[in-house]
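Please open the model in your viewer and keep the selection panel at hand.

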Amino acid sequence: MSAKICRLTSDPRFNVEVLSFDIQDRPARLTTTVRVAGMSFRSSITYHSIDEWRQVWAALGDPDAKSLVLGALVAWDCMRFLGLGGAALVLCEGLTLDTETAALWRHAFLNQYGEWRYRNCMVYHAGGWPKVISARPGAGLGTRRRSEGSRTLVTNGGGKDTLTGMLLLQDAGVAFDVYEATLPMGGHSAIQDALLRDLRLAVAPGSVTPVRVTVTDDFYSADDAMIEALGVVARHYKSDFAVGHTANYVGFFPLILAHGYSAVWFNIERSADRTMARWGTESINHQWCKSSGYRRLVGELFRRIAGVDGFEGFRSTLGGLQDSLIYRIAATAPEALRKSHSCNLDKPWCLRCPKCCFSYLMLTSVMGEPFAREMMGTKESLFDAPAVQAHWRDLLDPSRVAWECVGSHDECLLALGDCSEPLRSAAIQAVAPRVNARQRAEMHERYHAVDWRATPRRLRRATLQRLGAADATVTTDVVVIGAGQSGLSCSQVLAAKNVNHVVLERACEGASWKDRWDSFRLNTPNRTLSLPGLAYSGDDPDGFSTAAEVQAFLSSYSEQYDLPVVGGCEVLEVERLGGAFLITTNFGRLRARAVVVATGEYCKARFPLTTVEDLRQQVQVLHSSVYRNPDALADGAVLVVGGGQSGAQIVEDLLAGGRQVYWSLSNRPSNVRRLRGRDFMEWWDVGGILHRHVRDIPEVRRGGPAELRRARSMEFPLVSGISDDGRGHSISLARLERSGVTLLGKLAAHKGRELVFSDRLPEQMAEAVTGSRKERAFLNEVADAAGAPPEGEGDAVYIPEELQVAWRPQATPTRLDLAQARIGAVVFATGFSSAWPWLSLEGVLDEHGYPLGEDGVTPVPGVFFLGLFNLQRLSSTCLCNGGRDSEVLVPHILKHLARRSSQPVAAKALASEEV
């Protein structure tokens, strides 16, 4: 917009003086009388759901807050009268504002009335004006109270935004009441009441409680000629943005207090944060009173002056959506859509304002023009109506501004391309600029994108499901698949770079940790647990978390950082779509420019026998992923196949449960759990092993690809996080044998009733003991270098028996008859195989099914991996990784996005990165 020449200066004659205020009960009502230039006006707010004001005051954290709440209510409600050109609002006795609230009021006025000031070229005489003046400035509060309410309040504005927001809240199972207000503009109050009621009943018949509010005054009904006779030269003083109640969230404070609402939901789309014009250094936004910034500010104001903690704030159900997607969701409920209206001038439709034109265009784009004409009650096409041609120019011509709550010019042009009817209109063709295919594709990517961080956590799943039901393909920069520690770490690093992304999770955050046996404990001590921006802060740093605690840790992390996770969303296919990727899920489709696979490699249970189904006919057979406890198994002895961490810990669990145990394993070494005052994981960290890059392993540097693959298939030595002292223990092979466990060689075959095992058990155990000794020596070297005290008697309980006494395993059979050994169950703790059957992309995986490339960056541009063992380092799959792998990977993602996008966000984030 071109610079404007100032022509109007504030006039003290039009300062606003509050003469009196009156609060009444049954129902609760606040009536204010003001004087401007010798003329008096009255304004009242009636809260029909509040019987008495004492219901409001009883909920305050401090009784002295009463005058602060009333002061804020009157100050914001009377803001509208300064539209006549004054510079001060003077409150009467009994109404107080503290300094912070007065400053916030001025900030709100300058922004809410930014359009009014811009269109009037209004300036004020001196800095600090306009201002609100309190006869007795209030002080800060000392007493606070915590609200325990769980129900929420959603506003019913009567339009498609309300319809969409209520659908999402219902889908998400959020309990809510419905706020319905009639205002002193927009038509007769009875008509407004009926329209709001009809929409509410169409969406939620009988299942919600209406919360009615009536705002009346004699200002909007005053004759303009009478006001201008006072000398008022300002224009637009009765515009819809000047409404003093719903446009300022302070008017909701009594309802929040009296009814104990935990949150207030508005149904406001992303365009509410859009700058519509520039005026010097100021951004002018017609919808600032709906902006996310204003919602945050007033939420903090409520918590401060009311002295109430626990209120979540003023939220928006649609904060992550543009109108293009909102209309598509609304169209999934066509009968309810017919009950909606959007006009602010004359309910339900005036058919002569920019908002009616915009609504007509959007309805035509998603439902067709016959539906739009029927719903809005017009016999002629609004595209050709002479009375609104200026509005079409404002909506479609980027050099002009439509001063209304409407989408941007590009969004209007995108909608224009989605319908055929307006293209036949000569009037529309005369004002609409030409849009080529590339421009249209960019518009589609922009306006069909969901800002997942701005979408409320509770509504993300419902949003994606509704968009899927609308057959809409949602666009985003990055899709992360999997919400375990790797996926969440990646999400947090992406969020820190302001990259729009979504994390798709088949179940919930950290769900794979639920697939553990009852006695499971993490193998890594709590003090090592870390994710980007969060380290363990509990009271047991040397202890070991249960599976439930790990899952809760991940879920809490996701919630604390509000990571954009959509739970219950199963990925069915990832395929190419032009220069991007199409991700098909059980909820719907997404289009992304990059995909991060963070599901880990524990995808498919692995069984070493091809005859496992025959084995099921003889005994109970299960994988370690479904094992829970000894009592859940069939009677008799139990054979555990697999010598890794899971197998060893399940053997101990069965032994503790009184079961006879056979254990088939190879040469996995036991490890020292603690040595010289520290857990071995800490010594690994100090010694540079834990986070060392896989290519820096000496054997890998010498051996090439074969050694790299071997490094990525090795596993941790045997330890456990279970012990009486809470510090874990080593899993001693000698101790287990002494306790009655029959050690067997590696399972080789299944023949009839017999299982055949390797005869190399003695050699394998000798190799395991040698490995344990080498590990103990390494830990001592690191401890020596760190100046730790020498080994003492306290270390012995954490050192495997085979390192303290001479041990050779007893002779064991190489064949085992299942019936003779009374085997009732076989538990296969034989690990998992990586499996991504939904990844329909060539050139991503090698012949073994492992991702090609370096550090998770595959040869296919835009496809990345995280969370695979030794993908980058030993800790790549561990909760102690602290986001190191993500910090390496995300700059590559940013570089990819910057190459393939005209959007500024990726290039801006990349500026501080080195790849």
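The stops below cover confidence, a sheet, a cavity and a pocket.

**Before selecting**

This is a predicted model, in which local features need pLDDT of at least 70, side-chain atom pairs count only at pLDDT 80 or more, and totals for chains, interfaces and linings use all residues. Residues are numbered from 1 along each chain as its sequence is written, and side-chain values use heavy atoms, with hydrogens and water left out.

**Stop 1: confidence**

Colour the chain by pLDDT, the predictor's confidence in each residue, from 0 to 100. The mean for the protein chain is 90, and 94% of its residues reach 70 or more. Then select residues 1-5, where the pLDDT is below 50; beyond near neighbours in sequence, this stretch has eight contacts in the model (heavy atoms within 4.5 Å). Residues 902-915 also have pLDDT below 50, with 25 contacts beyond near neighbours in sequence. Where pLDDT is low, the predicted coordinates should not be read in detail.

**Stop 2: the parallel sheet**

Select the open sheet of five strands, ordered S26-S37-S27-S28-S33 with parallel pairing. Helices (H or I, at least four residues) and strands (E, at least two) are DSSP runs, numbered from the N terminus; two strands pair if DSSP finds at least two bridges between them. At the edges lie S26 (620-623) and S33 (742-744), each pairing on one side only. Next, select S27 (residues 637-641) and S28 (residues 661-664), which are joined by four bridges. Leu 639 stands opposite Tyr 662 in S28.

**Stop 3**

On a 1 Å grid over the protein atoms alone, a cavity is a set of points where a 1.4 Å probe fits but cannot get out, and a pocket is an open set with protein on both sides within 12 Å along at least five of seven lines; lining residues have an atom within 4 Å of a point. Select Gln 485, Ser 486, Ser 489, Ser 876 and Asn 881, the closest to the centre of the second largest cavity among its 15 lining residues. Helix H19 gives the most to this lining, with three residues.

**Stop 4: the second largest pocket**

Finally, select Arg 270, Asp 273, Gly 319, Asp 451 and Ala 454, which of the 46 lining residues are the closest to the centre of the second largest pocket. Helix H9 (292-305) is one of the contributing elements, and it supplies the largest share of the lining, six residues.
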